[in-house]
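Here is a short briefing for anyone who wants to look at how two chains meet. Have the viewer open as you read.

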Amino acid sequence: MIAPKKLFKRDVVQNTADVPRRAFVRNALRGYEAKRDENKAKFLDWQSARDVASEIKFEGINHLDKYLKQFAQNAEARGTKVFFASTAAQARDYIVNLAREKNVKSIIKSKTMTSEEIHLNDALEKEGFGVVESDLGEFIQQLRKEPPYHFVFPCMHLKRDEISSLFHDKLGSEPTNSPEELTMIARRFLRQKYIQADMGISGANFLVAETGMISITENEGNARLTTSLPKIHVAIVGIEKVLPKLEDLALFLPMLGTAGCGQELTGYNTQIGGPRQPGETDGPEEFHIVLLDNNRTALLADAEQRDALHCIRCGACLNVCPVFKNVGGHTYGTTYAGPIGSVITPHLRGLQDWKHLSGASSLCGACSEACPVKIDIHHHLLQNRRNAAAEKPVWWEKALWIGFAFLMRRPFLYYLMTKAAPFGQFFHPLIKATALDPFLAWTHSRECPASATTTFKDYWKQHKKQKDAASV
Amino acid sequence: MSATTTDSRESIFARIREALTNPATPHHRAVHPENVAPESTLKQWLPAVGSTLDEQIALFAENCVALKAEFKACSSLDEAVAHINQLAADNQWTKIATHHSELTDAVASKLSTAIYHADETYDKLVLETCNAGLTGCEALVSQTGSVCITPHASGGRSLSILPPHHIVIARRSQIVADLPATYALIKERYSASGYPSFISFSTGPSRTGDIERILVLGAHGPKRLTVLLIP
């Protein structure tokens with residue numbers, strides 16, 4: 001296996017060179033930006049709404065034990081089965097075993113990043129269960145055997161002709177360049193899958209502690225079908241998704257829609273509080289909720305970065321990030337891409353293996369500004385860098401600083417070096433951007449600024465001499 | 001419960017409690033404490049809604065236009081029936097699915113199209129072939145142009161999502177100003193007797209922007225949504 005950092009560097013070089021794709025992604029985000037700003041302006045006070053949202057999340061996360069307990073009690077009281085999974089493997093096993101026990105034949109899924117995190121589809125397919133993604137973007141990505149590019153817009157990097165030829169190859173449909181016709185091809189194909197499926201798997205955007213309900217935000221209606229038709233519904237959710245009260249949704253649903261998609265409210269916002277209840281016409285006979293830790297408690301233990309658990313996965317920070325826009329979603333090599341992914345992945349999957357993501361940031365702060373729950377994202381990137389260096393110092397960086405300090409404390413040596421620099425630079429073109437170049441990391445893609453031919457000390461001496469001469 | 005997989009409830013709670021012994025860094029808190037004072041309400045920050053019923057109906061209608069949903073304020077039940085009959089004739093409908101309720105029964109009895117009652121023991125294969133689903137609603141949310149749906153007010157979970165056209169029939173009195181007021185209403189109605197297993201806000205017809213961020217209606221759910229308001 002190639003180390004994540006090596007893979008990242010390789011993909012950065014490859015993907016930033018794809019200038020037309022970068023332009024396409026930026027262009028795709030332009031419509032979102034306009035709608036987001038339009039809907040933000042509809043709020044009487046968006047900035048205060050962010051404060052309130054962050055405060056509600058603060059309450060939930062900092063009393064997570066209390067609210068999770070309340071959630072589980074309320075959900076179980078209505079006949080919901082709540083399963084707590086410490087690890088990805090436990091969550092997978094529970095769902096695979098359930099499918100086996102219930103003799104499940106076909107499974108339909110609505111979009112869930114948590115299932116991407118635990119690689120649920122692979123586990124189910126390995127056991128012989130057919131799984132179909134129903135969110136249009138996820139369906140396209142599944143056909144391409146590729147993870148989602150963005151956690152709200154899974155196939156935003158694809159052009160319509162690429163999707164058309166994919167559908168032609170995999171589904172045998174006629175080529176078309178109409179997004180509407182492509183959507184209808186998927187609709188017709190997936191309709192039958194909903195009807196046949198005996199298990200539906202969804203995620204959830206929120207867990208409402210007060211009522212034991214999950215809340216799902218979507219636009220297409222695929223999550224509604226997934227949670228209505230099959231006789232078993234399984235929701236897989238991270239433990240950090242709690243909201244204390246039902247009415248908190250009145251704030252979070254429009255904020256998620258606005259920040260995530262530029263919509264005041266997305267097409268369907270659904271709260272599910274159990275399997276079919278007595279007196280109800282339909283709904284699943286069984287409803288299971290798998291609550292996943294998978295190192296979220298490790299992030300919770302970091303008092304400095306705990307607010308990263310406030311994240312509602314709206315993707316607003318990705319959409320404004322200059323790094324994301326240039327390297328693209330797949331380059332990160334993680335389930336959660338973009339600025340928030342760079343913050344949390346080192347906690348979820350190991351600091352030393354994933355610290356490079358925190359380095360790949362301009363620290364411009366656009367992410368923190370865009371975040372609807374005010375996570376201090378760009379400072380957390382700095383903290384990850386600091387923590388990584390403290391935990392495992394890099395010897396050559398240390399040596400470099402020792403050398404630098406040595407030089408800076410000896411004015412004569414420093415003076416000599418500044419005098420020597422222009423000479424060195426004169427000969428630099430001979431080795432520039434070759435393996436011999438000591439500044440290769442910089443010069444292979446950038447110009448080196450020319451060093452001044454006169455040092456400041458010499459300049460000052462000269463200047464003073466002239467001034468003295470003039471005043472005489 | 002699956003016998004072969006052990007639940008980690010206790011160990012997760014132990015880790016959470018251990019993690020929370022360290023208080024969070026103060027900067028995680030909101031910077032304007034007055035925003036979260038007990039007397040503050042969500043209404044203060046959310047999009048504005050007029051206070052009179054007429055203003056709220058006008059805003060709901062405006063939102064429907066933006067959402068590409070159809071809204072019609074009818075002067076009587078008969079006008080609503082005529083509108084549905086017209087839709088059925090224009091689109092050559094053969095079957096409309098609905099559920100039993102005072103309002104939907106009154107409408108369905110006057111429709112000229114065949115009716116399929118998706119109650120109790122309905123067949124999802126038949127429901128899938130219906131041209132439209134006619135339902136009542138819990139409330140209409142003026143602020144967002146949403147239709148609030150529950151099993152008590154709108155039939156089963158599938159009725160409002162499976163047929164390609166969703167028709168909602170509601171009384172003027174069912175208009176609610178905003179989302180906080182809607183959740184307050186739901187709490188008032190159900191917190192004592194038990195919440196329905198399903199509460200959903202339909203905001204416009206089913207939509208997607210997954211292909212090149214271009215809006216397409218009718219991704220999986222209804223391609224069209226019609227809301228008929230009667231006195």
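The model is a predicted one. Eight strands, from chain A and chain B, form an open sheet with mixed pairing, and the area buried between chain B and chain A is about 8,700 Å².

- Strand 9 (residues 268-272) of chain A runs antiparallel to strand 9 of chain B, and five bridges join them.
- Opposite I272(A) you will find F198(B), in strand 9 of chain B.
- Within chain B, strand 6 (residues 146-149) pairs with strand 9 (residues 198-202) in the antiparallel sense over three bridges.
- V147(B) has S202(B), in strand 9 of chain B, as its bridge partner.

**Extent of the interface**

- On the chain B side, 90 residues are in contact with 109 residues of chain A.
- Carbon and sulfur atoms give 57% of the area buried between the two chains.

**Polar links and make-up**

- Six salt bridges are counted between chain B and chain A.
- E128(B) forms a salt bridge with R191(A), with the closest N and O atoms 3.1 Å apart.
- Across the interface, 51 residue pairs are in polar contact.
- Helix 1 of chain B gives eight residues, the largest share of the side that touches chain A.
- That side of chain B has 41 nonpolar, 32 polar and 17 charged residues.

Terms used
Residues numbered from 1 in each chain as written. Chains lettered and ligands numbered in written order. Predicted model: local features only at pLDDT ≥ 70, side-chain atom pairs only at ≥ 80, totals over all residues. Heavy atoms only, no water. Pairing = 2+ DSSP bridges. Helix = DSSP H or I, 4+ residues; strand = E, 2+ residues; numbered from the N terminus. Contact = heavy atoms within 4.5 Å. Buried area = accessible area lost by both parts, 1.4 Å probe. Salt bridge = Lys/Arg side-chain N within 4 Å of Asp/Glu carboxyl O. Polar contact = N/O pair within 3.5 Å; in protein donor to acceptor, adjacent residues only side chain to side chain. Nonpolar A, V, L, I, M, F, W, Y, C, P; charged D, E, K, R; others polar.
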